[in-house]
Amino acid sequence: MSDKLERIKTLIIGSGPAGYTAAIYAARADLKPVMYTGLEPGGQLTTTTEVDNFPGYADGVDGPKMMMDLQKQAERFGTEVRIGMITEVDFSDKTGGIHKACVDNSTWIEAESIIISTGATARYLGLPSEQRLRGGGVSACAVCDGFFYKGQDVAIVGGGDTAAEEATYLANICNKVTMLVRGDQMRASKAMQHRVTSTKNIDLRYNTEVDEVIGEQVVEGLRMLNKETGEKEQIEITGLFIAIGHKPNTDIFKEKLTMDDTGYIITEGKSTKTNVPGVFASGDVQDKIYRQAVTAAGTGCMAALDAERYLAVVESEEGEEVKTTKKVEA
Ligand code: NDP
């Protein structure tokens with residue numbers, strides 16, 4: 001590290017709804033935020049075609065447009081948006097001092113406060129047919145996209161709480177939901193399993209995997225493989241939902257911040273405070289339950305308010321120290 005590092009008041013890592021909302025609030029509070037966007041500027045929503053459930057967009061909005069609007073709003077108040085990845089962090093000063101972050105494996109910067117909004121990435125099966133039809137009927141978010149399949153037949157893959165919750169959500173909107181669980185039991189809680197098995201229009205298939213998603217431009221069907229019998233079966237569907245878990249983007253924070261056993265950052269009580277003073281976490285990186293743009297935005301706002309209060313206390317303590325030193329010197 002060189003001796004003279006750039007010093008930032010508030011560093012925001014990640015450019016999804018949480019990061020931009022944190023930026024809007026931080027900029028308006030004169031925290032002079034600098035945001036590093038990450039590799040996918042705009043985050044998960046830039047891969048979504050239509051967002052119909054973000055308050056304020058009466059006619060819906062497409063994901064990339066919404067993220068550009070958020071960026072403009074954050075920049076209007078003075079946020080500096082920089083394209084780049086934070087590739088390493090140094091939180092060794094745990095006394096409320098200055099934290100360090102490395103940009104693109106090359107330049108280190110210093111920050112008085114940091115807001116982490118690096119999000120989470122949905123896991124996919126990895127089949128070529130699934131990847132080809134992402135955005136053409138293959139989705140990893142039933143709450144975001146389920147509405148487009150109203151009255152239609154869809155399928156969902158996964159046996160955890162997310163899959164169970166999304167299957168029942170879809171069952172309310174769609175005609176029929178075929179649910180593929182790869183093992184002979186579901187990992188979801190008993191209560192969630194009960195909801196699935198007691199919903200009439202969910203066709204639950206154990207020991208079943210996706211063999212191929214059928215369709216060129218849009219999903220038209222699904223070929224399923226029963227692993228026990230080796231039998232293949234084709235059904236007609238228009239939407240396929242993948243609910244096999246998310247991976248929080250927290251690799252660079254491992255062993256530096258307290259996380260749960262699946263890698264989500266743990267925040268203190270109803271705040272966005274991490275276990276390191278001056279470091280806050282907002283959005284999907286600390287939320288595996290709700291994972292919505294609007295909840296991410298809400299916690300982004302909280303993180304900026306938490307950072308503002310933190311910096312105010314640090315600055316007043318520094319002021320007190322200066323006064324005390326002057327008295328002692330006098
Ligand atoms: P989980 O990791 O709990 O479950 C993933 C599911 O996907 C498992 O059934 C797993 O099968 C299956 N799976 C994984 N890989 C594949 C694959 N390649 N092909 C087919 N199936 C696959 O993830 P969730 O997103 O469901 O939940 C994450 C966490 O969030 C959990 O702790 C959950 O309890 C929590 N949560 C809580 C909610 C609530 O309280 N309301 C709502 C949603 C989530 P297998 O079991 O065979 O490994």
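Mentor: With a definition: a residue is near a molecule if one of its heavy atoms lies within 4 Å of it. Keep in mind that this is a predicted model.

Trainee: How many residues surround the ligand, and which are the closest?

Mentor: The shell around the ligand divides into 4 nonpolar, 5 polar and 5 charged residues. Helix 5, residues 161–173, gives the most to this shell, with 3 residues. The ligand is surrounded by 14 residues, the closest being Gly159, Asp161, Thr162, Arg182 and Arg187.

Trainee: What share of the ligand's exposed area does the protein bury?

Mentor: Start with the polar contacts, for which the cut-off is 3.5 Å between N or O atoms. A polar backbone atom of Gly159 is 2.9 Å from an oxygen atom of the ligand, and a polar side-chain atom of Asp161 is 2.6 Å from a ligand oxygen atom. On the nitrogen side, a polar side-chain atom of Glu165 lies 3.0 Å from a nitrogen atom of the ligand. Taken alone the ligand exposes 910 Å², and the share buried by the protein is 71%.

Trainee: What is the volume of the second largest pocket?

Mentor: Its lining has 15 residues, of which Ile265, Thr267, Gln286, Asp287 and Lys288 lie nearest the centre. By class, the lining of the second largest pocket has 6 nonpolar, 5 polar and 4 charged residues. The volume of the second largest pocket is about 220 Å³.

Trainee: Which strands stand at the edges of the open sheet?

Mentor: The sheet is formed by 5 strands with parallel pairing, in the order 8-15-9-10-11. Two of these strands have a single partner strand each, so one side of each lacks a neighbour in the sheet: strand 8 (138–139) and strand 11 (202–205).

Trainee: Which residue in strand 15 stands opposite Val157?

Mentor: Strand 9 (residues 153–157) pairs with strand 15 (residues 239–242) in the parallel sense, over 4 bridges. The residue opposite Val157 is Ile242.

Trainee: In the hairpin of strand 13 and strand 14, which residue takes a positive phi?

Mentor: Strand 13 (residues 221–226) and strand 14 (residues 232–236) run antiparallel and are joined by 5 bridges. The hairpin has 5 residues between the strands, and the residue with a positive phi, near 80°, is Gly230.

Note on methods: Residues numbered from 1 in each chain as written. Predicted model: local features only at pLDDT ≥ 70, side-chain atom pairs only at ≥ 80, totals over all residues. Heavy atoms only, no water. Polar contact = N/O pair within 3.5 Å; in protein donor to acceptor, adjacent residues only side chain to side chain. Areas by Shrake-Rupley, 256 points an atom, 1.4 Å probe, with all protein chains shown as cover. Helix = DSSP H or I, 4+ residues; strand = E, 2+ residues; numbered from the N terminus. Nonpolar A, V, L, I, M, F, W, Y, C, P; charged D, E, K, R; others polar. 1 Å grid on protein atoms, 1.4 Å probe; cavity = no way out; pocket = protein on both sides within 12 Å on 5 of 7 lines; lining within 4 Å. Points joined across faces, edges and corners; volume = space filled by probe spheres on them. Pairing = 2+ DSSP bridges.
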